[in-house]
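Here are my notes for you on this one. Have the structure open while you read, and take the points in order.

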Amino acid sequence: MVNPVHLKTLLEVTRLGSFAAAAARLGYTASAVSQQMSALEREAGVVLFHRSARSVVPTEAAIVMTRHAAKVLTDIEALMAAAAKTHDATSQELRLGIFPSLATYVLPRILKNPAWKDLGIDLRVSVAEPSQTIQGLRTGGELDVALVFQVGQSGLAWPHTINRQWIGDDNFRVVLPAGWGFGAEAKVAADHLSELPWIMHHPGTPDAVVIERLFASCNLHPRVVAHSDDFHASLEMAAAGLGAALVPELALLNRPAGVVVLDVPEIRLARNVFALLINEKKTARVQLFVDLLAETLAGLGAAGK
């Protein structure tokens, strides 16, 4: 299903002819706009823009989609207006499972958004890691929607009756103690970091396996000085000078003083964030909540850089 947020962004990009200009108009980062347009291309199965270092040029497919998108968005506005008329009479309870960093940085922004109050949802929240929340979605479970992440193709499985919807990506970044002498956003080859002390995931976890394979593929063999699956703890230890760490951008929204973020071209890895919904619970209100979640996450996409 095409995300209406992506259609709105498409209209602005084609109108303004620039990811950066559309980002400024919509309140996103240029990176977030680029990610939305890439997602829309995957959903539609067509190339929408010819990209170069200085410009983006819409393809014929983008122009055709833009014409239809304007009508679709108008219809959605009419749907919202009609739903608002019945808001006072009814509400829907939504039992939500959510992983900690999304609960910390994204959910509060949604709850403060005026659009949230218009949805008419009574929210019940359970904060836990993805493997736990998925268990709550199974037959007779205590959840209606689980917000989870995957790193690569690792780890998670869910019942075939569950509907999966991509929400966005939370990119990993390499952080180092500021006292090591690297400049912020300095471009560094991965193998130059090989002999440095590192704070790594606990061995054997699905995320750790993916990261270890990635590091080995780019000739990075870390000297491990600590194991931590808590990104805030990893950041604090890095700030104190213990070692380098690989952390997602959401965690960098609470970045302590004393760390720098590097650009390591060989290390391109993300937590792919999904909403898992029980089919019979996927109402129009729930879909609007999921869309609001995706929009909020996209707005934070590069905030940790």
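1. Is Phe19 buried or exposed? Phe19 is buried, at a relative accessible area of 12%. For the cut-offs, buried means under 20% relative accessible area, exposed means over 50%, and partly exposed is in between, using a 1.4 Å probe and protein chains only.

2. A word on what you're looking at. This is a predicted model, in which local features need pLDDT of at least 70 and side-chain atom pairs count only at pLDDT 80 or more, while totals for chains, interfaces and linings use all residues. Residues are numbered from 1 along each chain as its sequence is written, and side-chain values use heavy atoms, with hydrogens and water left out.

3. Back to Phe19, and on to rings. The whole structure has 5 aromatic pairs; rings of Phe, Tyr and Trp (its six-membered ring) pair if their centres lie within 6.5 Å, with planes under 30 degrees apart counted as stacked, over 60 as edge-to-face and the rest as tilted. One of them joins Phe19 and Phe49, edge-to-face, with 5.7 Å centre to centre and 85° between the planes. Phe19 lies in helix α2 (residues 19–26) and Phe49 in strand β1 (residues 49–51), so this pair ties together parts 30 residues apart in sequence. Helices (H or I, at least four residues) and strands (E, at least two) are DSSP runs, numbered from the N terminus. Phe49 counts as buried too, at 2% relative accessibility.

4. Now find Phe99 and Phe149. Their ring centres are 4.9 Å apart and their planes at 75°, so this pair is edge-to-face. It links distant parts of the chain, 50 residues apart: Phe99 is in the loop between β3 (92–98) and α5 (100–105), and Phe149 is in strand β5 (residues 145–151). Both Phe99 and Phe149 are buried.

5. A charge sits over a ring if NZ of Lys or CZ of Arg is within 6 Å of the ring centre and within 35 degrees of the ring normal. Likewise, the charged end of Arg42 sits over the ring of Trp166, 5.0 Å from its centre.

6. Leaving out residues up to four places away in sequence, Gln150 touches residues including Trp158, Arg164 and Arg271; contact means heavy atoms within 4.5 Å. Gln150 lies in strand β5 and counts as buried, at 8% relative accessibility. Ser101, in helix α5, touches Val106, Leu250 and Arg271, with the residues up to four places away again not counted. Ser101 is buried, at 10%.

7. What about the nonpolar core? The largest one has 65 residues, and Leu102, Leu193, Ile267 and Phe289 have the most contacts inside it. Helix α11 (residues 284–300) gives the most to this core, with 9 residues. A second, separate core has 19 residues, among them Ala23, Leu40, Val56 and Leu73. By definition, a nonpolar core is a set of buried Ala, Val, Leu, Ile, Met, Phe, Trp, Tyr and Cys residues joined through side-chain atoms within 4.5 Å.

8. Leu102 deserves a click: beyond its neighbours within four places in sequence, Leu102 is in contact with Leu107, Leu147, Leu250, Val273, Leu293 and Leu297.
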